[in-house]
Amino acid sequence: MTYPTSSRRNKRTRPQAEPIAVMCGVCQPAEPDGAYYSHRQQHQQQQQQQTSSYSPAKPMHHDGYLPKTVSACTTATASSSRSAHSAASCMVDSLCPVTGVYANIADDYHVRPEVIGRGHYGVVRECTHRATRRNLAVKTIQKSKIGRLDHLQREIYLLANVNHEGIMNMVDCYEDADCVHIITEKYTGGELFDRIVESTSPRGCMSEREAASVMKSLLEAIAYLHDNGVVHRDVKPENVLFESRREDAAVRLIDFGLARRHDRNDGPMSNPVGTAYYMAPELLKGRYDSACDVWSAGVVAYIMLCGYPPFNGSTDSEIQDATRRGRLHFAGGAWLTKSDDCVDFVRCLLRRDPRKRFTAREALMHPWIRNMMAF
């Protein structure tokens, strides 16, 4: 497994006696009425009720500290030394099963208390590297809330091994006794979801050119993942961030908490994970492949163009039932001004049969994308 390097990655470190306490904040963006928006608001309120304080915990030994690691060049051969080293290694592995290295993030970073984002299992805050003063973002995940830590280990592995301008860039990773901290670049432009909320009106939402620009970047990121045997499984506006506040800012695909490796020759996946609005019909049936990401991208495109989802409902169950029925409509004022190529593009991504659905690479070659990006 490959991890990013840092000044503290090559040795297990002694935790500081007084680590900086990081207190959770509450982040509640304003959202308009409607089933699509209120559904997300209810989920955020449930998350906020579970918010608690966090302080990096020290692994306890007989003297209160983690024993130092025996250097590879140590010449001691006494069995007692080998036993002590083995015991220390086992202790670190049990305390830090995800990375195998204990590291206190407060040694290298100042983490601000305000929460700026939330994922499936963690919260995101701003942080500053103490030596370089570089401002970054850190996603803190409490290990006690994760059912299977190998899934968290998989997320870190995938982030450490992807390199694409349309995907979040992971900078470092720290693990202490309680939490795993994933440090990434900081993107200040906000979520695509918020951009949709700001742009929605009775006449529609984003312009075709704006939507095409986002879709091009998003499909390029998805195509890169699929070419490298990775399926995201949670493509949605909340997981697309603008790099800055500029109108022409690039976007980044984030949150790999549900991502996994899946090559073309692998059998179908069966675990129905994701967010209800964006889950493909075959995923709901428990037999799907990477085409589920393209379906999700199609739902994102539909919402960007009209301001509401193609398959709606007040509960996850109702939304999934609507997806199974698959009645795709392009009615209403928002679609009257959209081009035929635009509607055809969305249809190609939302084909119910995954074998007939466009791949991400094919979608990038659609006339709508090519024509919108030509000027």
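Helices (H or I, at least four residues) and strands (E, at least two) are taken here as DSSP runs, numbered from the N terminus. The model is a predicted one, in which local features need pLDDT of at least 70 and side-chain atom pairs count only at pLDDT 80 or more, while totals for chains, interfaces and linings use all residues. Residues are numbered from 1 along each chain as its sequence is written, and side-chain values use heavy atoms, with hydrogens and water left out.

The chain holds 13 helices and 9 strands. With contact defined as heavy atoms within 4.5 Å, 69% of the contacts between residues at least 6 apart in sequence join residues at least 24 apart.

Within helix 9, Arg324 and Asp321 lie 3 residues apart, about one turn of the helix. Their side chains meet in a salt bridge (3.0 Å, N to O), the term meaning a side-chain nitrogen of Lys or Arg within 4 Å of a carboxyl oxygen of Asp or Glu. Both partners are partly exposed, Arg324 at 42% relative accessible area and Asp321 at 32%. Just after helix 9, Gly326 takes a positive phi of about 70°.

Turning to the strands, pairing requires that DSSP find at least two bridges between two strands. Strand 2 (residues 122-129) pairs in the antiparallel sense with strand 1 (residues 109-118) over 6 bridges, and with strand 3 (residues 135-142), again antiparallel, over 7 bridges. Because 7 of its 8 residues are buried, strand 2 is largely enclosed by the rest of the structure. Glu126 has Ala137 of strand 3 as its bridge partner, and counts as partly exposed at 22% relative accessibility. A salt bridge joins Glu126 to Arg112, with the closest N and O atoms 4.0 Å apart.

In all, the salt-bridge count comes to 18. Another of these pairs is Glu185 with Arg252 (3.9 Å, N to O), which links strand 5 (residues 179-185) to strand 8 (residues 251-253) across 67 residues. Arg252 is buried, at 13% relative accessible area. Glu185 and Arg252 also belong to a salt-bridge network with Arg134 and Glu243.

Note on methods:
Buried < 20%, exposed > 50% of the residue type's maximum accessible area, 1.4 Å probe, protein only.
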